[in-house]
Amino acid sequence: MPRYIGKEMSRVDGVAKVTGRAKYAAEFRAPNLAYGFIVTGAVAKGTIKSIDTQEAERAPGVVRVFTHLNTPKLGPKANTELAPPQNARQQDKSFRALQSDKIYFNAQPVALVVAETYEQARYASRLVKVTYNAEKHSTDTEAVRGNAKAPTQGRPPQARGNPDEAMKSAAVKVEAEYRIAIEHHNPMEPHAAVAAWEGDKLTIFDKTQEVYGVRRHLASTFGVPEANVSVVSPYVGGAFGSSLRPNYYPALTAMAARELRRPVKVVYTRTQMFTGHGHRPYTIQKIALGAEASGKLTAMIHTAVHNTSSFEEFNDNTTGFTRQVYACPNLYAPTLIVPTDLPTPTWMRAPGAVSGMFALECAMDELAYALKIDPLELRLINYAEKDPESGRPFSSKALRECYRLGSEKFGWKNRKMEPRSMRDGRLLVGWGTATGVWGAFQSPATAKITYRSDGTAHVTSATSDIGPGTYTVMTMIAAEYLGNRPEQVKFELGDTNFPRAPAQGGSQTTSSVGSAVHGAALAVTNKLLTLANQDASSPLKSAAVADVEMLDGRLRLKSDPSKFVSIPEVMRRNNLNEVTETFESRPSPERQKYATMAHGAQFVEVKVDPDLGTVRVTRAIEVTACGKIINPKASHSQEIGGVVWGIGMALQEATEIDHRYGRIMNPNLQHYHVPVNADVHEVETMFVEEDDKVVNPLGVKGMGELGMVGIPAAIANAVFHATGKRVRELPITPDKLL
Amino acid sequence: MKDELDETSGPDLSDDEEALLKEMPTLTDVGQARRTFLGQTLASSLGAFALMLLEKEQALAALATSPGAVFAPAPALENPVSVVLKVNGATKTLEVDSRMVLLDALRERLELTGTKKGCDQGQCGACTVLVDGRRVLSCLTLAATVEGKEVTTVEGLAKGDELHPVQAAFIKYDGFQCGYCTPGQICSAVGLLEEARRGEVSHVTEDVTAPVKQLSDDEIRERMSGNICRCGAYPKIVAAIQEAHSGRESARTWCFVDEDELARVRKEWEADETV
Amino acid sequence: MRPFKYVRASDAAAAARAVAANPRAKFLAGGTNILDLMKEDVERPNELIDLTRLKLAEIKAAGGGVSIGALAKNTDTANHPLIRKNYPLLTQAIVAGASGQLRNMATNGGNLMQRTRCQYFYDTAMPCNKREPGTGCGALEGLNRIHAIFGWSDKCVATYPGDMANALYALDAVVRVRGANGKERTIPVGEFHRLPGDTPERDNNLAHGELITAIELPKSSFAKNSYYLKVRDRASYAFALVAVAAALELDGNNVRAARVVLGGVAHKPWRSQEAEAALAGKPASEESFRRAADAALAGAKPLAHNAYKVELGKRAVVRALMRAAHLV
């Protein structure tokens with residue numbers, strides 16, 4: 001019986017967070033710290049004609065004003081540690097600040113003012129005068145969608161079967177176009193860095209989802225060995241994908257610190273966060289579904305078009321999961337991209353999946369109504385028993401259980417099919433459902449454990465905890481397999497002094513880093529077993545590491561706990577105070593034989609005021625099949641977060657661009673709406689655990705994205721059920737329901 | 001299903017909490033006594049974390065001034081304002097630039113970084129502190145204006161090692177994820193409870209002419225809407241504040257589906273398919 | 001934020017004189033709007049006169065009505081027993097605005113002074129006649145989903161964003177102001193804010209240096225039948241798409257007097273005397289309310305992205321009146 005895994009545990013970093021002791025990037029102090037404030041441009045495309053910094057430089061407290069005229073080159077330089085890029089994918093074409101007079105997007109940084117205080121830097125930033133040679137820009141994806149092409153990287157889109165023919169002969173067809181506005185992550189913590197050089201060694205406190213990624217980026221930027229760059233990021237105040245890639249500010253901050261020979265801090269303003277990193281792209285999707293009268297899908301054609309920047313390709317893989325959700329022999333599902341004069345988009349919580357599944361799952365709802373089949377039943381009819389794309393079996397897939405149990409819990413059988421048929425007083429009630437899906441990913445990761453004779457352990461891995469509870473779950477895994485208590489484990493992350501871990505993205509941290517911590521604990525066990533068995537009288541003489549376990553300072557036989565050795569004694573005999581093991585976990589080759597995915601069924605109830613067009617999501621149930629749940633307390637929080645994000649996407653969030661200027665016009669939290677407390681009501685989670693030994697030794701899949709994937713579609717479907725109005729353009733604001 | 005989400009089942013305690021609870025049966029009552037108990041046990045388990053944070057903080061503290069470091073020529077403070085205020089009970093005297101807001105004074109001058117800058121525009125609530133006991137936004141409060149006032153930040157809520165009941169409840173209900181909005185949420189909640197005690201009304205108060213007593217969950221939702229949590233911990237924030245307010249424990253809203261339940265539905269659809 | 005001299009005012013007369021003496025001086029009360037705009041470089045005072053220590057926060061019965069101090073906090077105003085009992089419409093309007101924290105900071109005088117939330121006004125890289133006369137109106141042909149449908153000019157299509165003033169207008173309140181010369185005058189709330197016309201840079205009819213000292217509410221017969229409705233893009237902490245302050249004085253089932261003021265639709269609180277006239281003497285019923293709503297919105301001139309406000313406005317008027325009459 002596990003002692004910790006699968007049981008609720010409060011966050012080990014909880015006290016630090018509720019008392020204000022947890023330190024985020026901008027909160028680290030350094031002697032002689034100077035404050036940088038970014039100046040952003042005012043045109044979407046063209047060149048800088050003139051830039052006058054004199055008045056800013058004369059302002060009190062200003063140390064220096066950096067522009068493209070006096071900023072050193074921040075590009076990849078010769079670096080003996082770096083192999084030349086093997087393919088175009090590895091070539092870093094990301095935007096770097098102040099490198100030329102060229103303007104790629106509106107509100108691009110054009111200067112950095114560094115001053116002795118924040119107030120002085122902010123004021124002087126207003127004194128920098130810039131003129132431009134503006135060129136004709138293009139920021140409207142709708143206007144240029146005809147130019148969309150398949151990304152140059154990755155496999156070109158291929159059809160399965162013969163979708164065009166199958167569509168022609170389908171008994172029932174639906175076809176529609178769906179749109180999703182640009183969205184921004186808006187984590188509560190603004191992106192920030194504090195950089196300090198000692199000679200050619202750099203320490204940088206940064207908000208990042210991958211300290212090693214920032215290190216690689218900065219080492220190549222400044223032409224120093226990676227070992228010279230120390231990136232520290234113990235707490236991240238949310239990121240949701242916005243800190244997966246190094247953004248332009250860490251290099252800018254480190255540049256200023258290097259030039260001025262003193263530590264510098266740069267923090268994005270909330271407004272700068274709308275152009276200081278990428279966004280969920282504007283996505284136009286056309287879907288056609290063909291089915292037999294029985295509901296069986298015969299053809300799916302799903303084409304997505306979204307924007308990228310003029311200098312870099314970004315592929316959200318919007319239609320990726322369309323290929324794997326339903327059993328359908330004929331399919332074509334390309335994602336096409338089109339350049340615009342906006343910053344490069346990036347991954348944003350449940351990237352691609354939530355956008356693609358919004359369109360697909362709404363189209364499935366439309367098909368259900370066309371067929372007069374219950375929407376949930378339609379999904380069961382088209383249930384994929386094996387991966388439709390590869391033909392491989394799923395390593396585990398309890399989605400059918402999710403559909404069944406969720407519908408029972410929700411009371412789905414009481415749903416009247418007819419739109420506008422359910423009411424609560426004056427309010428229209430709508431029930432909607434959708435499928436959630438995400439990959440069960442795993443990447444190589446390394447963890448190090450130092451186990452001491454007093455039973456305490458120090459565990460490190462350079463992963464990140466942007467909110468899912470990584471500190472806690474790694475502590476639980478270590479305590480489980482080291483046989484001690486969580487209070488005896490100190491797990492640290494977010495530091496390039498720790499062993500390498502992948503970016504915290506794609507819901508793969510527990511599977512990747514958790515497997516490394518698990519492996520390192522087994523390595524410690526193995527080491528102790530070897531040491532114990534150096535003693536001729538060891539009762540564990542013939543045991544293999546799989547036969548033993550650590551518990552309360554003992555190493556004992558699993559099959560017969562009366563056969564044990566005292567770990568402190570073994571260590572004492574070997575003159576050891578501690579044992580240190582490092583373990584790198586890698587995805588097992590066994591995974592290649594399977595499709596490894598997480599699934600969920602999502603049910604929501606909305607109440608719509610038919611007069612005023614306001615929508616409230618009054619109830620949501622997440623039924624989740626994603627392997628083993630380590631900490632249900634934090635996992636439930638992830639699922640709630642997914643619902644809240646789904647509410648934002650479905651009903652509120654849209655980055656608005658005035659295309660005349662190519663400028664984002666609502667770059668703040670008063671005009672860009674995200675859900676507030678009053679927007680969120682009951683959210684319940686049911687975990688349908690899967691026993692999956694293929695995905696990884698812990699049997700875990702990720703859930704940070706999964707919980708969001710189906711929610712926007714479920715809400716839009718519920719709004720249709722409530723009102724009879726099919727809104728195919730997100731967000732569904734009150735004006736669209738009048 | 002075994003794990004029905006009924007009204008009576010509270011969130012599970014950790015094994016340690018359970019064990020301690022058995023030893024201390026007098027503290028099992030819902031409400032203040034239990035909250036104190038949680039606060040005490042949680043604060044005492046800070047150990048490893050406190051140490052770790054100190055290490056990170058000291059990383060740069062010893063950095064010497066580099067030869068050739070560039071400074072602005074004699075940066076005299078413009079429009080200086082002298083301010084004397086109390087922060088978390090301690091009197092502080094500051095000479096500030098008139099442009100400095102309380103938020104930056106706390107974070108950049110007083111080393112109180114618990115108060116967070118989320119938007120700097122009064123649009124998120126992360127910077128909420130209590131001034132003379134009322135919740136306000138420190139990003140839109142000039143430092144110069146708090147002369148003679150008492151400021152309480154998240155760092156000033158716990159009594160020694162004992163967490164404030166709202167802090168303890170946030171941990172108990174997992175009322176946060178990334179933790180960045182949390183200090184603002186907690187200060188806001190502490191202010192809100194006081195407002196509730198004074199009988200103040202809100203936008204969702206049905207009859208503003210009638211006295212307000214116990215807050216419903218809807219009342220708490222509305223009253224906490226000035227604090228954005230992008231991780232979306234709202235339902236758990238409401239549960240935490242409700243317990244701090246009324247002593248009422250919120251029902252657990254998640255469950256594991258057990259084996260019997262799974263076996264039942266699997267059997268049902270096999271039966272469906274044979275029909 | 002530009003450098004500014006900070007002055008803590010000790011009395012109202014000195015405060016008014018100080019601002020009058022410096023064309024770039026401004027009053028500071030709750031700070032919830034001006035500091036935000038100063039950070040954005042939209043407001044650029046070189047001197048701030050801090051009013052918060054002045055004794056202008058009293059809320060008291062006066063002349064059969066109530067006088068509320070200009071520096072009384074929104075929270076204290078909304079919760080004052082005299083207001084809750086006699087002017088629940090005002091309480092509802094105040095608590096519909098902003099957040100608990102902001103209402104604890106914001107003063108009544110400052111609330112009247114808050115500036116538009118037009119995106120073009122906020123962005124100094126964009127044209128805006130209100131911010132910088134002569135640069136043009138970015139919203140007129142731009143993004144104007146949240147903009148005016150009444151009373152706009154080709155110079156400005158911004159809306160007044162407040163809630164409190166809509167209720168004050170419906171309650172026939174007057175604003176008491178004091179000039180630098182010590183002279184007091186009163187301005188009816190309906191005449192306090194201006195339409196943009198050719199001078200959108202002027203939000204209201206205060207002279208530079210005039211200080212709001214109080215808002216006076218006459219005795220009201222609307223307490224039993226009033227309602228403040230606010231429709232917005234999310235459930236809370238957002239500005240109105242459309243708001244309605246509705247107040248009825250009923251004689252049995254008939255409307256003796258009515259007030260209908262719309263918010264979020266014009267550069268000032270927008271009272272519809274057409275709607276009020278349509279209601280007078282009519283039964284309090286959904287049918288009369290519909291006719292009044294049609295009358296209220298008849299003169300609306302929507303822009304490219306806000307035609308929805310016309311229909312939404314009608315429905316909001318009906319709903320607010322229905323609530324005021326306790327019919328829903």
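Mentor: Residues count from 1 along each chain as its sequence is written, and chains are lettered from A, ligands numbered from 1, in the order in which they are written. As the model is predicted, local features need pLDDT of at least 70 and side-chain atom pairs count only at pLDDT 80 or more, while totals for chains, interfaces and linings use all residues.

Trainee: In what order do the three strands of the open sheet in chain A stand?

Mentor: Strands are DSSP runs (E, at least two residues; helices are H or I, at least four), numbered from the N terminus. Two of them pair if DSSP finds at least two bridges between them. S21 (548-551) and S23 (564-566) of chain A each have a single partner strand, so they stand at the edges. The pairing is antiparallel, and the order is S21-S22-S23.

Trainee: Which element gives the largest share of the side of chain A that touches chain B?

Mentor: Residues are in contact if their C-beta atoms, placed from the backbone, lie within 7 Å. That takes in 88 residues from chain A and 86 from chain B. Elements giving two or more residues to chain A's side include S29 (680-687) and H15 (632-652). The largest share, nine residues, comes from H15(A).

Technical notes: Two residues are in contact if their C-beta atoms, placed from the backbone, lie within 7 Å.
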